[in-house]
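Here is a short report on selected features of a protein model. Look over the sequence and the structure, then read on.

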Amino acid sequence: MVTRPPERDIDESRVTISPRKTEAVGVPAVVSSLRMAIDQMGIRRTAETLVRVNQKDGFDCPGCAWPEEDKRHVAEFCENGAKAVAEEATVRRVTPEFFAEHSIDELRAHDDWWLGQQGRLTHPMVLDEGGTHYRPISWDDALDLIADELRSLDDPNEAVFYTSGRTSNEAAFVYQLLVRGFGTNNLPDCSNMCHESSGSALGETIGIGKGTVSITDIHEADLLIVAGQNPGTNHPRMLTALEKAKQRGATIIAVNPLPEAGLMHFNNPQTPRGVILGGTPLADDFVQIRLGGDQALFQAIGKHLIEMHAEHGGVLDSSFIDVHTSGYDAYAEHVAGLEWAELERATGLTEHRMRGIAEQVRASGKTIVCWAMGLTQHKHSVPMLRDVVNTLLLQGNIGRPGAGVCPVRGHSNVQGDRTVGIYEKPSTSFLDALEEEFSFRAPREHGYDTVAAIRAMDTGRVRFFLGMGGNFVSATPDTAVVESGMAKTGLSVQISTKLNRSHVVTGRRALIIPTLGRTDRDRRGSGEQRVTVEDSMGAVHGSRGRLAPPAEDLLSEVAIIARLCARVFAGRDDAPAADWVGIENDYRGIREHISRVVPGFEDYEERIQKGRTFYLPNDPRDSRRFATATGRAMFTANPLEYVRIPEGRVLLQTLRSHDQYNTTIYGKDDRYRGISNGRRVVLIHRDDIDELGFRDGEIVDIVSEWHGPAGLEERRAPEFRLVSYDTPRKNAAAYYPETNVLVPLESFADVSGTPTSKSIIVRFEKRG
């Protein structure tokens, strides 16, 4: 039996704290998955849906981007994948009657969890200027309203077009064509807030902004360093790959401020070993590093390897360095000059400890470094990741089996969206190919990334906002500024499957455009359609939903954008030359266009037939060719950076709970960390609680401090509970989006512009 949506928000007074777990998944994860799935979908729908997740004839999980092996398990999903599917395939519905019952002010007062639990959107809705309630609007009138608003702008750059990582390759390609045909490159996306630093660093150093490993490489590595990542919550299927590597003799080093259960021990629920025999210990070495100290650690590893090579020889891959790299001498000179005392201050580790880690790297013949947002959301994230690359280059660990860089992406097609053109700084070659294919002039001026878009909205330079999926208001930093900026737009439009914060924090007028999800059957003119996605390792495969849509007339993202293109470009001789009706009715035509515009997609349709997967070209991995400024992989000498924490302050990182994926809150618990029935908690070392004059469990306000151009700026997040936890001293952690308000808009990573959500200086204040 399916339960009703909750009537109340999360009651933070009911939070309970228990000891953190030391192992992940197992039977409790299966029980949690099924309970939530049945609650949202019912027993029969759960059984029919979960067996198709990540199958060759099924649909790609709407959760993370971890790849599948060619041979699939019958249950090819994890706990959080099951929750993501349940949220989308829910039988709960948000109808026009719901909006008639709930005013915009009432909806705005609810929390993110309550909003998401209401169910699938079924009908286009409009909020008139000064209106108190959303009201129904026809599909034609809604799309006409968008087109009329766009045509009324004085400059195409007055519009911003945001994209979520769940958008398919086909929808993303048509979307970017709409935007560039309209005349702007204002295409901020969720990459700007997560892995942009990875792309920036890797593009500079190895010539491609992606990882260089396959799932097979993970299995074959001698050493896996998993840094700034919590796979047990964020990418649970990764644990299966790590288990296989361990069984083949790999060593795993976990580098993280928090001792996450998923880094320590894995009880695989799909094997007798995981259910009955105690599972598999994962991390051979847990390195509890201070927030942002990873750059110092990798510089220390490089320093040690070079010293050992000078003393004993045979440590570095001198042939690889001579033939395939540039900049080694400057890098070696830089790390030789580093003082161990400074490296110790930055990491919180002793010289002996860091040399011991480096010895494990030295002993490895094939090393992979995996990372996620723990490394990408600092001011110095790009140099930090350059130093990850430096360490791998020393031993030739790029372009050999079982070795390389592995940035683990979040959303299931965030990498694919970028590949097919969702980027505010498109390359000249991409625009040239786009122009040749569609016979129009694409804009060449770079557009707004996420931070620049928010800044432009808040200063009144943006009059129109369109979000293709996602939850822009909750995903972005500096919440008060984002909400102020959104309110200044003339029209905000959200193309969405479910209700979220971005539907209740709006422009003067607002539209909700419901759309099909990954699990839904998509029937267009030529029959049932499939879409494609690219996983975290550059593999492309098809996805086809099977469930009846929440409403008979619901349109796909492709159909919505194709119809919008037909309206916006009507009568324009300078618009992209495309058959918009044909694009809407047969997605094979879109793939034909992509195959002629984007390198690596040749014979696209044939290569995805019958559930097949193909890998996109990756020159560093495939042939040790590097499209960098020097034509070689580049060593870089990066000044050591880390945050100096003032007295009486701590450094805060924002993170997800276990019942959460990005801004979607599935439930009230963080099972592995021992938090139940609440989210407004701060995890912090007991000695810091005492030293700062508070009590464990005390309710405080968190106040961030940022020294901007105008001096000291403060932001406040009220009513958080202090929770004693195993963290490094003067480091703390709390959940987003509740703490996004603390991240200053102007505090972002050098080069990449990624908000610094992992290094916020804060103090605590007593309530009342």
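## A cis proline and its loop

Pro 737 sits in the loop between strand S32 (731–735) and strand S33 (760–766). Helices (H or I, at least four residues) and strands (E, at least two) are DSSP runs, numbered from the N terminus. Tyr 736 and Pro 737 are joined by a cis peptide bond, with omega about 10 degrees.

The model is predicted: local features need pLDDT of at least 70, side-chain atom pairs count only at pLDDT 80 or more, and totals for chains, interfaces and linings use all residues. Residues are numbered from 1 along each chain as its sequence is written, and side-chain values use heavy atoms, with hydrogens and water left out.

Val 751 is also found in the loop between S32 and S33. Its phi is near 80 degrees, a positive value in a residue other than glycine. At 48% relative accessibility, Val 751 is partly exposed. Buried means under 20% relative accessible area, exposed means over 50%, and partly exposed is in between (1.4 Å probe, protein chains only).

## The loop between H25 and H26

Thr 476 lies between helix H25 (472–475) and helix H26 (479–487), in the loop. Is Thr 476 buried or exposed? Thr 476 is buried, at a relative accessible area of 0%. It touches Met 193, Thr 450, Ile 454, Val 482 and Asn 740, not counting residues up to four places away in sequence. Contact here means heavy atoms within 4.5 Å.

The side chain of Thr 476 also has polar contacts with backbone oxygens. A polar atom of this side chain lies 2.7 Å from the backbone oxygen of Phe 472. The side chain of Thr 476 reaches the backbone oxygen of Val 473 at 3.4 Å. A polar contact is a pair of N or O atoms within 3.5 Å; within protein, one must be able to donate a hydrogen and the other to accept it, and residues adjacent in sequence count only if both atoms are side-chain atoms.

Asp 478 is in the loop between H25 and H26 as well. It is not a glycine, yet it has a positive phi of about 50 degrees. Asp 478 is buried, with a relative accessible area of 3%.

## H8 against H23

Helix H8 (residues 169–182) packs with helix H23 (residues 428–438) at an angle of about 85 degrees, and their axes are 12 Å apart. Axes are lines fitted to C-alpha atoms, for helices over the stretch in contact, and angles run from 0 to 180 degrees between N-to-C directions. The angle makes H8 roughly perpendicular to H23 (65 to 115 degrees). H8 brings Phe 173, Gln 176, Leu 177 and Arg 180 to the contact, and H23 brings Phe 430, Leu 431, Leu 434 and Phe 438. By class, this contact has 6 nonpolar, 1 polar and 1 charged residues. Ala, Val, Leu, Ile, Met, Phe, Trp, Tyr, Cys and Pro count as nonpolar, Asp, Glu, Lys and Arg as charged, and the others, Gly among them, as polar.

Which residues of H23 are buried? They are Phe 430, Leu 431, Ala 433, Leu 434, Glu 435, Glu 437 and Phe 438. Their cover includes H8 and H29. Just after H23, Ser 439 takes a positive phi of about 55 degrees.

In helix H29 (residues 588–597), the buried residues include Ile 590, Arg 591, His 593 and Ile 594. H8 and H23 are among the elements that cover the buried residues of H29.

## Nonpolar cores

The largest nonpolar core has 66 residues, and Phe 161, Phe 464 and Leu 511 touch the most other members. A nonpolar core is a set of buried Ala, Val, Leu, Ile, Met, Phe, Trp, Tyr and Cys residues joined through side-chain atoms within 4.5 Å. H8 gives the most to this core, with 9 residues. Apart from it lies another core, of 54 residues, including Tyr 328 and Met 354.

## Two buried sites

Gln 299 is in helix H15 (residues 294–312). It is buried, at 0% relative accessible area. Its side chain reaches the backbone oxygen of Asn 638 at 2.8 Å. Gln 299 and Ala 637 are 338 residues apart in sequence, yet 9.7 Å apart in space, C-alpha to C-alpha.

Val 703 belongs to strand S30 (residues 699–708). Val 703 is buried, with a relative accessible area of 1%. Its contacts include Glu 714, Arg 715, Ile 761 and Val 762.

Notes: Angles under 35 degrees count as roughly parallel, over 145 as roughly antiparallel, 65 to 115 as roughly perpendicular and the rest as oblique.
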